[in-house]
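Open the model in your viewer and keep the sequence panel beside it. The tour goes stop by stop: select, look, move on.

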Amino acid sequence: MRKPVIAGNWKMHMTCSEAKDYMSVFLPLIKETSNDRHIVIAPPFTSLSTMADLSVMSNLELSSQNVHWEDSGAFTAEISPSMLLEHRVKYAIVGHSEPRKYFSESDKQINLRAKSAQSNHLIPIVCVGETFEQREKGEAERVIRRQVEQGLEELDFTNVVVAYEPIWAIGTGKTCESIEANRICTLIRKWSGYSDLRIQYGGSVKPSNIDELMSMSDIDGVLVGGASLDPESFGRIANYN
Ligand code: PGA
């Protein structure tokens, strides 16, 4: 059973006091939401502790925006699995296109992060997706397949989420057509060889397109950036029909 995962990625937004204001609006909006879906927020590391306290009696789960493969050591600016577990974090986003682009994260590093997450009982959300140029040149499928095969190597597929995020649709307002997003998710499922793999779509998800995206056969949730920063709009997304 592929229980959908509706995840908000706050990126480098929200101080602790902003997170408190957000939660006072957001938590009541999901109080009655059916438990046929997971609702997740990935705040910046600095507000994880606050978010863990605020969500303790709720149906909101927490994700980190990264995780390192070592449990401690000289890795300035990184975060270890045990540091996250202390704050009731359940998921870890790895391989998002921003660290891939700005910090040249490789598929090998992403795979190490994902394996470390799994061996510490965190569920990795492994992001994949092509650039606009790769799509224009007809390379999208080859690029995504490589990211899936290398990023998911040696992972337990029962405990991972893949997020298909076409880079040209992230933060641009240009959503990938639902039918095309679904087609790629179907291919990812096929390449993985595991029919119950959970696959999200991400890229300009908003209240106006969530119901259509979630009606697609191979889309098992969404990873939401911009629209997750507004509690009303993420509330609507979490309460998709
Ligand atoms: P967006 O970001 O919803 O703002 O397009 C998605 C993401 O980066 O995960």
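**Stop 1: helix α10.** Select residues 231-238, helix α10. Of its 8 residues, 6 are buried, so the rest of the structure largely encloses α10. Buried means under 20% relative accessible area, exposed over 50%, and partly exposed in between, with a 1.4 Å probe and protein chains only. Helices (H or I, at least four residues) and strands (E, at least two) are DSSP runs, numbered from the N terminus. Show the side chains of Pro231, Ser233, Phe234, Gly235, Ile237 and Ala238: these are the buried residues of α10. What covers them? The cover includes β1, α1 (16-30), β2, α9 (210-214) and β8. Contact here means heavy atoms within 4.5 Å. α10 lies across β1, β2 and β8 (221-224), and runs at about 160° to β1. Axes are lines fitted to C-alpha atoms, for helices over the stretch in contact, and angles run from 0 to 180 degrees between N-to-C directions.

A word on the model before you go on. It is predicted: local features need pLDDT of at least 70, side-chain atom pairs count only at pLDDT 80 or more, and totals for chains, interfaces and linings use all residues. Residues are numbered from 1 along each chain as its sequence is written, and side-chain values use heavy atoms, with hydrogens and water left out.

**Stop 2: the barrel.** Switch to cartoon. In what order do the strands close into a barrel? The order is β1-β2-β3-β4-β5-β6-β7-β8, 8 strands with parallel pairing. On average, neighbouring strands of this sheet are turned by 25° against each other, direction ignored. Two strands pair if DSSP finds at least two bridges between them. Start with β1 (residues 5-9) and β2 (residues 38-42), which pair in the parallel sense over 5 bridges. Pick Asn9: its bridge partner in β2 is Ala42.

**Stop 3: strand β4.** On one side, 3 bridges join β4 to strand β3 (residues 60-64), and the two run parallel. Ser64 stands opposite Ala92 in β4. β4 also pairs with β5 in the parallel sense, over 4 bridges. Val94 stands opposite Val126 in β5.

**Stop 4: strand β6.** Select residues 161-164, strand β6. Which way do the side chains point? Val161 and Ala163 point one way, Val162 and Tyr164 the other, and all are buried. In a regular strand the side chains alternate between the two faces of the sheet. Strand β5 (residues 123-128) pairs with β6 in the parallel sense over 4 bridges. Now centre on Tyr164. Val128 stands opposite Tyr164, and in β7 the bridge partner of Tyr164 is Tyr201. From β6 the chain crosses through helix α8 (residues 178-192) to β7, and this β-α-β crossover is right-handed. That means that, with the strands pointing away from the viewer, the path from the first strand over the helix to the second runs clockwise.

Step back to Val160, in the loop between α7 (140-151) and β6. Val160 counts as buried because its relative accessibility is 1%. Leaving out residues up to four places away in sequence, Val160 touches Gln118, Ile123, Pro124, Val126, Leu155, Leu197 and Arg198.

Stop 5: The largest pocket holds about 590 Å³ of space. Its lining has 18 residues; Phe45, Gln65, Asn66, Pro99 and Phe103 lie nearest its centre. Helix α4 (residues 97-102) gives the most to this lining, with 3 residues. The structure also holds 1 cavity of 30 Å³ or more. Gln65, Asn66, Ile93, Val94, Gly95, His96, Pro99, Glu105 and Arg113 line the largest cavity. On a 1 Å grid over the protein atoms alone, a cavity is a set of points where a 1.4 Å probe fits but cannot get out; a pocket is an open set with protein on both sides within 12 Å along at least five of seven lines; lining residues have an atom within 4 Å of a point. Grid points are joined across faces, edges and corners, and a volume is the space filled by probe spheres set on the points.

**Last stop: Met14.** Select Met14, in the loop between β1 and α1. Its phi is positive, about 85°, although Met14 is not a glycine.
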